[in-house]
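Work through the exercises below with the sequence and the 3D view open. Try each task before reading its solution.

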Amino acid sequence: MPELVIAIDGPSGSGKSSVSRRVAQALGLAYLDTGAIYRAATWWCLDQGVDLADPVAVLAAVREMPLDMGVDPSSPTVRVGETDVTAAIRSEDVTGAVSKVSSNLEVRAVLRQLQQDAIAHEGRPDSFSGGLGIVAEGRDITTVVAPEADVRVLLTASEEARLARRAREVHGSADASAVEATRAFVVQRDKKDSAVTSFLEAADGVVTIDSSELSFEETVQAVLELVERRR
């Protein structure tokens, strides 16, 4: 197993992706965005013309998905077969449909194994991190995917802060119209996902970091301090 595994969960817009990448860079670790795996599965199903309302068809498609996750935190990539879908999985079509795939419990089991395999691979000397470890972030990561991680964090923030962050990310501003346009993708997705996974409250042994009033750098530092204390 890797020398160090850091697992970071939290609701949409909490900053877990950007914080996880920076932490991985600071520590020389690999980075795994598990949410991107669900997005890739959604892109694949849409590309293959699979009816997302048919759970059996979705499961069959996901089992055949030729996924390759790049784990370099400075430039994480997602490829499906010969196609680089790093940008495509962030499209509105995928964002609006991903909960239909991620709420499928059998699909979650298949993708969970992929995530666990990716984490375990970073314990190898020929891996990206050279065996040092990985920062993995996303739904279920602290409780189901990597419950034995060395550091487990629930990164949260107020709904107002999360909406503003995602609005700036997607629309380039956090004015009232941008925030409202983002609401469905943040609040409604969290509501749908919470039916099959818990990411709003920290489980035993998981440390909560509320970043509502913290800058990005302060949030990164808070995680790094946790790592230092656990070593």
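This is a predicted model: local features need pLDDT of at least 70, side-chain atom pairs count only at pLDDT 80 or more; totals for chains, interfaces and linings use all residues.

Residues are numbered from 1 along each chain as its sequence is written, and side-chain values use heavy atoms, with hydrogens and water left out.

**Exercise 1. The whole chain**

Task: find how many helices and strands the chain has, and what share of its residues count as buried.

Solution. 
- Step one: count the elements. Helices (H or I, at least four residues) and strands (E, at least two) are DSSP runs, numbered from the N terminus. There are nine helices and eight strands.
- Step two: check burial. Buried means under 20% relative accessible area, exposed over 50%, and partly exposed in between (1.4 Å probe, protein chains only). Of the 231 residues, 48% count as buried.
- Areas come from the Shrake-Rupley method with a 1.4 Å probe; for residues, only the protein chains shown count as cover. The chain exposes about 10,900 Å², and carbon and sulfur atoms supply 48% of that area.
- Step four: look at contacts (heavy atoms within 4.5 Å). Among those between residues at least 6 apart in sequence, 74% join residues at least 24 apart.

**Exercise 2. Helix 5**

Solution. 
- Step one: work out the span.
- Step two: list the buried residues. They are Val107, Arg108, Leu111, Gln115 and Ile119.
- Step three: look down the axis.
- Step four: go to the N-terminal end. Asn104 caps helix 5 there, with a side-chain oxygen 3.1 Å from the backbone nitrogen of Glu106.

**Exercise 3. Salt bridges**

Task: examine the salt bridges of Arg90, Asp140 and Asp126.

Solution. 
- Step one: state the rule. Side chains of opposite charge can pair when their charged atoms come close. A salt bridge needs a side-chain nitrogen of Lys or Arg within 4 Å of a carboxyl oxygen of Asp or Glu. The count is four.
- Step two: take Arg90 and Asp33, joined at 2.9 Å, N to O. Arg90 sits in the loop between strand 5 (83–84) and helix 4 (92–102), and Asp33 in strand 2 (residues 30–33), 57 residues apart. Arg90 is partly exposed at 46%, whereas Asp33 is buried at 10%.
- Step three: take Asp140 and Arg108, at 3.1 Å, N to O. Asp140 lies in the loop between strand 6 (133–137) and helix 6 (141–145) and Arg108 in helix 5 (residues 105–121), so the pair ties together parts 32 residues apart in sequence. Both Asp140 and Arg108 are buried.
- Step four: take Asp126 and Arg124, at 2.8 Å, N to O. Asp126 is exposed at 52%; Arg124 is partly exposed at 42%.

**Exercise 4. Tyr31**

Task: is Tyr31 buried or exposed, and which residues does Tyr31 touch?

Solution. 
- Tyr31 is buried, with a relative accessible area of 3%.
- Step two: list neighbours, not counting residues up to four places away in sequence. Among them are Ser17, Ser20, Val71, Ile134 and Glu137.
- Step three: find the polar contact (a pair of N or O atoms within 3.5 Å; within protein, one must be able to donate a hydrogen and the other to accept it, and residues adjacent in sequence count only if both atoms are side-chain atoms). The side chains of Tyr31 and Glu137 are joined at 2.7 Å.
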